[in-house]
Amino acid sequence: MISNRLAGETSLRRDLEALSVSKRLVRSVSQKLRKKKNRSEGEEEEDGGGVSLRCLVLYGRGGGCKVGAETSDDFGDSNGRRRSSASEEGKGYKTICGVEETGVDCFSYGVKDKFWKRNNRKYLEVEELQQNSRMHLFLPDDILELCLVRLPLTSLMNARLVCRKWRYLTTTPRFMQMRKEGMHQNPWLFLFGAVKDGYCSAEIHALDVSLDEWHRIDADILKGRFLFSVASIQDSVYIVGGCSSLTNFGRVDRSSFKTHKGVLVFSALTQSWRKVASMKYARSSPILGISEVGSDCMIVRSQQNRQDRRFPRTRIGGTSDVYEDPHRLSLRREPGSANNENEILSLPNRKQGKVVRQKGDRLNANDCRRFVLIAVGGLGSWDEPLDSGEIYDSMTNKWMEIQRLPVDFGIVCSGVVCNGMFYVYSETDKLAGYDIERGFWVGIQITPSPPRVHEYYPKLVSCNGRLFMLSVSWCEGDGQIGRRNKAVRKLWELDLMYLTWTEVSIHPDAPMDWNAAFVADRNLIFGVEMFKIFGQVLDFLTVCDVSDKGTHWGHISRNHMTNELDASSCMTKSMAVLHL
């Protein structure tokens with residue numbers, strides 16, 4: 001038996017030399033055969049369809065991986081001789097790595113598949129994706145929601161691209177409510193009104209405060225519009241009013257412009273846009289206030305009273321909807337007709353009252369989602385300052401006028417909603433509040449007003465029922481002779497009980513931006529300042545935690561977005577904050 005194997009190895013070496021196989025390959029194959037021979041010593045060679053030891057992988061001159069096998073008993077070859085590729089031109093040999101498949105596989109079970117997969121990475125990637133896609137098929141929807149609701153907003157947006165099921169699960173009202181009530185939201189800052197190369201950039205710059213990452217969101221619908229105001233509530237941002245150039249569309253040009261009265265809504269979670277009812281008057285840079293209300297709000301009751309006072313026209317007695325009845329011929333009827341008329345007129349009234357009650361019931365169920373948006377002041381179509389105001393009801397999708405501000409109040413420069421009151425501050429340092437529930441203005445006498453530099457307009461912000469104001473004032477040089485006075489930005493808080501201002505903190509940066517934007521969310525006040533210095537536009541984003549006793553300011557971002565912006569962005573910018 002051993003002599004036969006030695007003879008077989010000798011013939012194998014002759015065949016390898018005839019095929020001009022490299023010495024290194026011959027050496028490796030010989031070592032493998034020697035190891036296999038040592039393992040098989042002491043075992044009896046059984047009769048049957050075993051695989052011959054002379055079945056080897058050969059790399060011939062013709063290219064490709066060719067495998068030959070001798071299985072005499074299985075395939076009925078009585079000669080028991082190995083077929084030569086030189087004599088029969090490769091008859092009986094099949095390529096493994098080529099197009100053809102192996103007719104006789106000399107590898108053990110599974111070795112061929114492993115060898116093929118190792119050389120096909122794309123197949124492995126596809127197989128891995130298929131395994132991952134099968135995973136969520138066995139997870140219930142509620143488990144998937146609990147996993148997806150904990151993702152950051154950026155990861156949640158990427159998860160929606162996985163499949164339609166994930167996109168549906170992450171856009172349902174139930175999922176939105178779970179994310180709103182949970183502790184998985186982080187503050188996001190949205191900067192609007194950027195100008196690039198003289199044109200209004202159709203982009204929104206969004207900052208994830210927790211990760212300090214900037215993102216750009218395409219907003220082609222805002223292309224060409226500038227000097228608009230923004231207000232945020234829940235997961236949406238309302239863009240109100242603005243201007244656009246008539247001669248040079250897209251450019252910030254006020255030589256010939258059009259003032260808008262349209263209102264757009266941007267949903268941050270779905271990154272979608274929609275339009276709502278337009279204002280009654282066109283405004284640019286209006287002062288906005290937004291607040292959630294209930295069904296007992298004054299605007300709701302006034303709209304219901306207006307609907308009750310509406311009587312539909314009737315055709316009783318031959319009256320026409322087109323032609324009038326100057327001779328009152330329709331009143332010359334029988335005495336009983338008046339009673340019929342009253343009965344008929346009362347029917348629409350009852351029906352209408354029923355509709356109103358149904359609406360009221362529906363509003364009571366959705367009180368938490370109902371809010372009003374107030375727009376006051378701004379500049380009109382002829383660039384004139386406005387003293388009128390309007391209020392928008394989210395449930396009825398309608399605007400209605402509100403009481404005008406007093407004539408001697410002055411031009412409104414800032415406003416914010418705090419504890420159900422819309423506070424506005426004028427350039428003449430006067431403070432007034434609009435009672436949203438009752439629907440009228442209240443003058444607030446404050447003495448004295450915080451000192452300020454009149455070139456810098458104050459900004460009102462509200463944090464958890466507390467009213468703050470940021471203003472720029474001159475600061476003495478600490479009593480040192482010869483030291484120049486400097487301007488600082490201070491944070492003041494209004495005591496709503498005694499109506500007195502108290503200084504809270506000082507902003508760390510010099511007030512280089514006269515149109516700095518400040519917004520508040522919960523206990524945090526965010527500010528952005530942009531200015532041009534030495535031919536470059538710089539930006540600083542700061543945050544102040546008013547719940548802390550120290551009430552100190554900190555920087556969260558510097559010079560991350562203004563490298564490509566123009567200096568006019570300092571004038572047109574506006575900012576909103578959302579918890580997403």
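Before looking at the helices I noted the convention for handedness: a crossing is left-handed if the near helix is turned anticlockwise from the far one by less than a right angle, and right-handed if clockwise. I also reminded myself that this is a predicted model.

Entry one, the helix pair. I looked up helix α7, which covers residues 141–148, and helix α10, which covers residues 173–181, and found that they pack at an angle of about 45° with their axes 10 Å apart. Angles under 35 degrees would count as roughly parallel and those from 65 to 115 as roughly perpendicular, and α7 and α10 are therefore oblique to each other. As for the handedness, α7 passes α10 in a right-handed crossing. I then asked which residues make the contact. On the α7 side I listed Glu-145, Leu-146 and Leu-148, and on the α10 side Arg-174, Phe-175, Met-178 and Arg-179. Sorted by class, the contact of α7 with α10 has 4 nonpolar and 3 charged residues, with no polar ones.

Entry two, the sheet. I followed 4 strands that form an open sheet, and I wrote down their order as β27-β28-β29-β30, with antiparallel pairing. At the edges I found β27 (517–521) and β30 (553–558), each of which pairs on one side only. Ignoring direction, neighbouring strands of this sheet are turned by 25° against each other on average.

I looked at strand β29, residues 536–545, which pairs with β30 in the antiparallel sense over 5 bridges. Here I noted that Thr-542 stands opposite His-555 in β30.

Definitions and conventions
Residues are numbered from 1 along each chain as its sequence is written. This is a predicted model: local features need pLDDT of at least 70, side-chain atom pairs count only at pLDDT 80 or more; totals for chains, interfaces and linings use all residues. Side-chain values use heavy atoms; hydrogens and water are left out. Axes are lines fitted to C-alpha atoms, for helices over the stretch in contact, and angles run from 0 to 180 degrees between N-to-C directions. Angles under 35 degrees count as roughly parallel, over 145 as roughly antiparallel, 65 to 115 as roughly perpendicular and the rest as oblique. Contact means heavy atoms within 4.5 Å. Ala, Val, Leu, Ile, Met, Phe, Trp, Tyr, Cys and Pro count as nonpolar, Asp, Glu, Lys and Arg as charged, and the others, Gly among them, as polar. Two strands pair if DSSP finds at least two bridges between them.
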